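Please walk me through the disulfides of this protein.

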Amino acid sequence: MRKPERILLWNLMAAVFALGQAWPNTMLSSQPSSGLKTDCVANLMRLTLDSALAVGNQLEVEAINGTQYILLTPSLAAQCGYSMESDPWGNTRIYTSLLGCYVNNKDDMMFTVGLKLKIYHHSPSDVASHDVAQTCSYTRWARREILCDRNYMEVSTYMAPQAEAKGQKKGASQLNAILDASEEVTGIWKITFFTPEPMSMVLKEAQQAGHSAMTTSTRLVMRSPYNTAETYSEDVAGVPMEVLKVNIYHKAQDGLNVFNLAAACPTGGVLFTGNLISWHVPRRVTPLLDGSIRLVEMNMGINGQRVDKAQMAARGYSLSTTDFHIVVEIPIGSPDGYYKSHAPDYQYHTTFTVEPMLEVLWRADQTQEETRYKILFPITTPPMLQPPHTEDRTIPEMREFSLYIGTFLQDVELRNITFATGVLTVEESNARGFTVQQHVLDNGTIVFALKVPFDADVVYKHNPELLVTTYSLNVVLGFVILPEEIPFAHPVELQASLNDIVLPTLTGTCDQDQFYINVKYGNQGKNFNTMVGGLDLTPELAEAYKFYSNATHFSIAVPYAATGTLFELFTTNSVRARLDILVWDPITNWILSDLFLACYFPLLTTRCYPNGTISVLAVKVESVPNLHPSWLTLKDHSCTPIFSNDQFAQFTFSADSCGTTRT
């Protein structure tokens, strides 16, 4: 919807009319010989600059008046009938009223508009100039014409050479008194504004206040910006309108004539329902019309150009009337409008802007006088929340996170990414081995893609199960909206699980004296603890067991009689010993792998010597875990071991002692 600040806005996104503005940070080169198009749209001349010519540059527009060049500042543009509209992509339209200042008007039938465009690039010295001239023919003038543009209101009425149509002549004595006080013999002398209280100014004062009043060969023209002290607001059929109502005192050779002129332009009346814009204009604009009138013609258009019924049907437009309103309906997303990104409260929103035109012709029943009413009315929807959609395209077997986020308009740029380790720009992210890409979809919107390998240091890893690794990637994507550089962010959490754990493997062999154990690392490296025979493999124990390691494995050699080995069975000349090895995770206490290695080792338990001495070795086996070898005795309980430990008890005695019997 048009708002006062939008109506008066002249410094637009792609171009500005006045010098002295800050130079844009981003400059694009333009082609001096292309990108300009002029056409005539009824009582307006339209000049179009495409994005390649205007975006990112500073534009200065001058009106050509014979040999003079007049800089069109925002205030002068509104006073003289010039306006401009620009979308975020740099496509710019400049409108000139055919009754505007500096237009070469020939008998109110042929109008030549001359403009000089100065497009500044990197500096004031880097400028490309274009002189544009367009001649338009327009003869379908109604008795009264009202034009509502984005930054001004204009009303004109037919004025016969002797000003007889709408004028009311004053008395001769009054005229003589007025003429004596005025230096000029003919022309506009005084203007009375109704706000609605009357307020009078001479022409020069009105011009200094920003208004314009002039005569052509057959017409009297009055023009005013919006929101001045001389205009006022009025509600008409529920639609807020800005009203300009004046009496213009015109001095002619045959006397003084007074012309009553009024313009009323809507500043509201727009409803947004679902995906539909409904623009309501009063069917009878009471500040303009009195008496019995008929609506004889109405047309809608876009960007100042009429749209025929076939085009309306194809685009879903409608133009209808009710008892009190003329209603224009336009679908949000129409191809004639454009979307723009915003970030209120740092949340991504979009607005849709379209510029419909409404042209109405009323005819008075009694006088048959016609009033043509034309409105150019830019409409912008309220910001619509558009939460970015994230799509996790991660395939765990590829060992890489794959994220797609969108969709965004093309005025959104991905500026940086916050990882667990810090903030990286897009360039830095790609340099780190991540992949950050932008994809343009068929409808012109964009999505961003991010790929991060599982083994990157920004990825958190943990093992919820013995053979499973869960990978987590938490990022915050930092965006900016161009050209305003408005930031917003969107956090994303990704998680993937994979059965990718390779556990350590244990193997072992034996010789006549020792167990030989080999531990091959898994893909988690050396992050585990080892137990040998129920004892932690400490540095001291590792040294005793001749510990050896390299990048892939470690090995130890354990004597079969070492502490922690178990004896399962013994005979007169051997013992079956077992060594239990296990590796475990010190964080989760999960057993990662184990080995129970049993081997026979040569062992004589009884020896008889020539001098009659007998040596006997008693071995504790696993089946009697509560046996203490030191408590063992021979038949004669006074014969105790001469040596014992947790595994053995050794007895030495003579053949005729300790209860020995002879067979």
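Cysteine 80 and cysteine 101 form a disulfide, with their sulfur atoms 2.5 Å apart. A disulfide here is a pair of cysteine sulfur atoms within 2.5 Å. The link of cysteine 80 and cysteine 101 is left-handed, at -80 degrees about the S-S bond. Cysteine 80 sits in helix H3 (residues 74-80), and cysteine 101 in the loop between strand E6 (92-97) and strand E7 (104-106), so the pair ties together parts that are 21 residues apart in sequence. Helices (H or I, at least four residues) and strands (E, at least two) are DSSP runs, numbered from the N terminus. Cysteine 80 is buried, at 4% relative accessible area. Cysteine 101 is buried as well, at 13%. Buried means under 20% relative accessible area, exposed over 50%, and partly exposed in between (1.4 Å probe, protein chains only).

This is a predicted model: local features need pLDDT of at least 70, side-chain atom pairs count only at pLDDT 80 or more, and totals for chains, interfaces and linings use all residues. Residues are numbered from 1 along each chain as its sequence is written, and side-chain values use heavy atoms, leaving out hydrogens and water.

The count of disulfides comes to five. One of them joins cysteine 40 to cysteine 136, with an S to S distance of 2.0 Å. This link is left-handed, at -85 degrees about the S-S bond. Cysteine 40 lies in strand E1 (residues 36-41) and cysteine 136 in strand E9 (residues 127-137), so the bond ties together parts 96 residues apart in sequence. Cysteine 40 is partly exposed, at 33% relative accessibility. Cysteine 136 is buried, at 0%.

Another disulfide joins cysteine 148 to cysteine 265, S to S 2.0 Å. It is left-handed, with -85 degrees about the S-S bond. Cysteine 148 is in strand E10 (residues 144-148) and cysteine 265 in strand E18 (residues 255-266), 117 residues apart. Cysteine 148 is buried, at 0% relative accessible area. Cysteine 265 is also buried, at 0%.

Now the overall pattern. With the bonded cysteines numbered in sequence order, the pairing is 1-4, 2-3, 5-6, 7-8, 9-10. Elsewhere, cysteine 608 is exposed, at 63% relative accessible area.

How far does confidence reach? The mean pLDDT of the protein is 87, and 90% of its residues reach 70 or more. pLDDT is the predictor's confidence in each residue, from 0 to 100. It stays under 50 over residues 1-33. Over residues 163-183 the pLDDT is also below 50. Where pLDDT is low, the predicted coordinates should not be read in detail.

Note on methods
Contact = heavy atoms within 4.5 Å.
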